[in-house]
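I opened this model to look up its overall dimensions, its strand pairing and its ligand shell. My entries follow.

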Amino acid sequence: MLTLADHILDITENSVRAGAKFIEISIEEDTAQDLLAIEIKDDGHGMSEDVLQKVLDPFYTTKTVRRVGLGLPLLRDAAERAQGHFFLKSQQNSGTQVKATFGLGHLDRQPLGALINTIIILIISNSQVDFFYKHRHNDRRFELDTREIRKEIEDIPINHPEIIKYIRAAMEEGLRDIESEA
Ligand SMILES: Nc1ncnc2c1ncn2[C@@H]1O[C@H](COP(=O)(O)OP(=O)(O)OP(=O)(O)O)[C@@H](O)[C@H]1O
Ligand SMILES: [Mg+2]
């Protein structure tokens, strides 16, 4: 079964393919509003009006290796099956914003899945890209910004095993903190 982390990986890989240098990934869980929102924003080359029109058709892709584009339609279906909505905003030469909402407690809402591994994979395999990960659980927040980490580590590469170990530990602790009830 697909998890929301799988969708995040796919949508963020689209951003990387679009040449993004900075990608914001935001997750908001709100129990009182029974709402889960996921948003991915990039500064890549964006989509033309023409691509934007076609992109929610599950057979449209600009890839040449495989001619079926599924990432965006699958996320839209996942949102709509859990009483949520899907938003896509994109402008050529300025970037793309993808947002999906879900009924947090809806029976068909896909689980978050392996979020930490997903973010780690994205950072390791795209070390030229900066990621800003924001996660809110009710009134608690966790943020991880590779731009800030780069300032601290100076000329050590962001995908150095020791740095990755640090990022994983920070995410494990941070996500545990925001999920725990006060
Ligand atoms: N962030 C983005 N910036 C620019 N273009 C994008 C972005 N996201 C998607 N697109 C365009 O939309 C098309 C469809 O994206 P989608 O994720 O649905 O399928 P895909 O990436 O082509 O294939 P798949 O995700 O199934 O491997 C892409 O081929 C690309 O042309
Ligand atoms: Mg894709």
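Predicted model: local features only at pLDDT ≥ 70, side-chain atom pairs only at ≥ 80, totals over all residues.

**Overall dimensions**

Residues are numbered from 1 along each chain as its sequence is written, and chains are lettered from A and ligands numbered from 1 in the order in which they are written.

**Strands**

I found 6 helices and 6 strands in the chain; these are DSSP runs numbered from the N terminus, helices being H or I of at least four residues and strands E of at least two. S2 (residues 35-42) pairs with S4 (residues 95-103) in the antiparallel sense over 8 bridges, where pairing requires at least two DSSP bridges. Lysine 41 has glutamine 97 in S4 as its bridge partner. S3 (residues 86-91) and S4 also run antiparallel, joined by 6 bridges, and phenylalanine 86 stands opposite alanine 100 in S4. I noted 3 residues between the strands in the S3 and S4 hairpin, where asparagine 93 takes a positive phi near 65°.

**Ligand 1**

I listed 20 residues around ligand 1, of which Asn14, Ala18, Thr61, Gly69 and Gly71 come nearest; a residue counts if its C-beta atom, placed from the backbone, lies within 6 Å. H1 (4-17) and H3 (71-81) each supply at least two residues of this shell.
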